[in-house]
Each structure stands twice: as C-alpha cells, then as structure tokens.
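Here are my notes on the model you sent. Please read them with the structure open.

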Amino acid sequence: MAAVWQQALALDAKYNAYRTPNNPQFRTLYIRRRSQLLRENAKSGQRDPAVRKEYLHQRAQLLTSRYGSPAFSDQGSIRSRSFSIRSISRNTMESFDNLVIGVDGKKHHRRHQSGGSFKHMYEGPMKRVYDSIEVVPTREAEASRAMAGGKTVSENYAFTGMHHIFDQHKESVTSVKFANDDKSRVACSSLDGSLSICQVIPPPATVICMLNGHSAGVTDFVWSLSNDVILSVSLDGTARLWDVAAGKCMRVINDSMGAELHCCVFQPLNNNMFVTGNGKGQVQMMNVSTGKGNKGGSSKVTGKAMALAFDTTGRILWAGDDKGSIFSFTVDVATGKLTKTRRITVSDGNAITSISSRSWISREARDPSLLVNSCISAMCLFKVVTEDGGLQLKKTFPVKQKKCHIRSAFCPLMSFRQGACVVSGSEDMCVYFFDVGKDNKPCVNKLLGHSAPVLDVCFNCDESLLASCDELGMVIIWKREGKQGML
C-alpha cells in the first residue's frame, strides 16, 4: 500500500507551493502532517484499487477547483513540463553585463551573448591532455544511441513522483548526498548540529541512525570512497570523522585558526587526506590518520572559503569564497602540498556557494567542466582550459539565488545521448533540471513540492532517485519516471 499514499502525497505536493503563499511554515507543516496521515492510513486502510482510483480522481478535482491547474502537471506531456525562461533569462543576464573573469591575474569584461554562451577566450592543447584520459563516443556511435534508449534529455529526467519525505531535522538541511555507487543510502547534514543516514530502498524508507556531536550547525559533509567513513565540518570550528557502520564519531579535529568551517572534501585518489575551508579564508589539507595538517598544505583565499572541489585526478583543487572568486591550486598527491595557481572572479561581492567537477559530461560537452553556483541568480558552467585549473565561462542558467547557500550537481551517469543534464536547488522553492547542450529553453523539468528555498540536490548512482533538501529541514526523495521497477 506504500504506492497508494505516495501517489496521493505527490498529488498534494504539486499544489503545495500555492497554499498560503505568505506562510511557508504552514505549507511545510501541512505536507508533513499529510504524509503522516497517509502512511498511517496505508497500513490499515482500503486496498480496493477502484476506491483508490476514485479517491485520487476526486482529490485532483478538488485541488484543481481550489488552486487551478498547477504550472507543471505530471499528467501532461514532457513538453508541458518544459517552460520558457526567455523573460527570466533576460532579467538575469542583465546582471552579467559587468561579469568579470580574471585569467592570469587580468580582468576582462564580457557582454553576454544570445543563448547564454560566451565567446571562447582560450583554445589550447588541453583537449589533447584530457582526451587521453577518457574515451568519448562519437555522434555516429550506434551503441551509444542504443544505451540512451532513444529518449530525449527531457524524457530521461522526468522526475514526477515522491518516493519519501524525511523530516527528522529541526533546522535547515544544508546538504544531502547519496553514498558512492549506492542507490539506497542517503545522508543529510543540518544546522541543528546533527547528521542523519537514511535507507530509501527497499521501502519503507527509514532513518538508520543520527550522528550527534557537533555543538553548532553542520555546514558540509562528504562520504569516503568506500562509504565506511563520513567527514563533516561545522560552525563549531571542528571537523569530525564518523564510523558509518557504528554510527559513532572516530575523531574530532579542531580548526587550526579556531574559525568556523564551511566546506570539506576528500582527496579523490587518497582518502587518507581531506581539505577543509574556514571562515578566515584558509584552505587546509589534513591527514586523516594523524589529524594534523600536511606540510605545505595550507593556503589562503580572499574571503570565507565556502566551496571546494577536486578534479578527477586529484591534482587540481578549486576553492570558492564569499567575495565571488574561485581559486585553483595544484596538489602534490603524495605530500598534500598546495600551490595556488589561478584566481577567477565570477562576480565581485557575490558568494560562491557550490563547485562540482566533471571530466566530461556528454558527446556535446567533452571538455572537463566545473558547475558553480553564485549569489547572482544563476548557475554557471565553466570549461577547464589549462593544466593548472584555469577556467572559461561557457554558459549560465537562471536559478533564483541572492543569499542562500544553494548547491547543484551533475547527473552521475556519463550521457551517451545528445545533451546532458545538471540539476540545481533554488530560492523559489523549486528544483530545476537544465540541459547543458541546449542554447534555447535549457530548462527541461521543474519540481514543485518544497515550502522553503531548496539548498541542495543529489542523484543516486543509477539516477532512479533524486534527493533535495530545504531551509526548513525537509528532505524529499523523488522517483524517476520509468524507473519505478528499480524501487
């Protein structure tokens, strides 16, 4: 009967953004209570399919008569879920007229061009460097098209229903991440000072354990490659290493400057090392075994270090700060020594809140790329153009972001179809899907259901589920159209 209440909850969630527009707390309370009542009813309730079908039909009629048709109907075609961002894009891109991109320490002003693309500032040998790492399918590859199943990006990312809603956290959920190569476990961090590990497959979804120990809000966390350890950082100025199986803290590491910690990441090729970024602009490489900083593994950025990302080789590290700049560092994989190489100013005074790296995305996006969120109401896609982490802005995508710590993500599966998907949270309480291969109307889906700004999003490994979290502590697990059999 789990599917019954999930369908009813998904129907209600479509209209949640329309309920009491001036009272988002009530919307959150409503959807939580609705979820609780539906789950209780499913355990002992009506099993007749005809009754369920009639109930859903009547409920849909009542909601439509009360609120009108929702902007994005699950019952409609994929085309109806796409929407024009022309007017949004025009207003958003005005803020990019004075966008500053620093390359080799020099600043260049670029006017935005139609379609969200920018003139190439660099065409160099990096394609040869990175092409040697990955084998990229060609446009004519029949096998590639067969793997894609003949579906468009819009069809492939039609997340239309809710799998589960978690509400175990009392304050904002700052980040949500599925375990590596795992479609069933997801972890969350919160400003209530705790982390949670949840099991979403098989149903019913449950909270496995709560990780308590931080004395202030948890700002970021990351799974180790083997998923046996979670690293978290907090406003209490500590990093903690957690034993996932035992649900206990293994080690507490105090920040050397006593500052608040905002971000963390494991070294991808050596999980005995990790990097933290603090509120005083320090980027510090740490050793897991000793709990101490690596020699030469410390550097500074201009503002608070808010976001970190490695490339797949572990030899380039990017750090974004609250002043609007991204710094690149080369990394000695053996010693952890950091060498600052580049500074790219995305937008002066507007914080960088998220950085994600990908070696290549699809046939149409073969270059190493960086996905960046900044408080300029846009998500930016950069091309990595030099061996030391230099960047070139390729495209921008409109998302509402002026003050919240919004994060975004690449789709986890390398795409063999034309186009590729990225997904982002937004302050307008929506989850946005964008096709990076499209110049016109790149938004291919939009999910409604949250009652507060959506702060982070994450796919599981096979893209059958998407997790999103918001500022009021709600986590929604969305199920993907056509993937229900995997649940």
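1. Burial and surface. This is a predicted model. Of the protein's 487 residues, 56% count as buried. The accessible surface is about 20,100 Å², and carbon and sulfur atoms hold 50% of that area.

2. Fold content. The protein has 8 helices and 30 strands. Among contacts with a separation of 6 or more, 55% join residues 24 or more positions apart.

3. Main core. The largest nonpolar core has 25 residues. F159, V423, V431, F433, F459 and L466 have the most contacts inside it. Elements giving two or more residues to this core include helix 1 (2–14) and helix 2 (24–44). Strands also contribute, among them strand 3 (159–166), strand 25 (421–424), strand 26 (430–435) and strand 28 (454–459). In general, nonpolar side chains in soluble globular proteins tend to be buried together.

4. F459. Leave out residues up to four places away in sequence, and F459 touches Y157, F159, F178, F410, C411, P412, V423, F433, L465 and L466.

5. Another core, of 19 residues, lies apart from the largest one. V173, F178, V186 and L455 are among its members.

6. Cysteines. How many disulfides are there? The count is 0. A pair of cysteine sulfurs must lie within 2.5 Å to qualify. For C188, the nearest cysteine sulfur is that of C198, 4.8 Å away, so C188 is in no disulfide. C188 counts as buried because its relative accessibility is 1%. For C421, the nearest cysteine sulfur belongs to C411, at 5.8 Å, and C421 is in no disulfide either. C421 is also buried, at 0% relative accessibility.

Conventions. Residues numbered from 1 in each chain as written. Predicted model: local features only at pLDDT ≥ 70, side-chain atom pairs only at ≥ 80, totals over all residues. Heavy atoms only, no water. Buried < 20%, exposed > 50% of the residue type's maximum accessible area, 1.4 Å probe, protein only. Helix = DSSP H or I, 4+ residues; strand = E, 2+ residues; numbered from the N terminus. Contact = heavy atoms within 4.5 Å. Areas by Shrake-Rupley, 256 points an atom, 1.4 Å probe, with all protein chains shown as cover. Core = buried A, V, L, I, M, F, W, Y, C linked by side-chain atoms within 4.5 Å.
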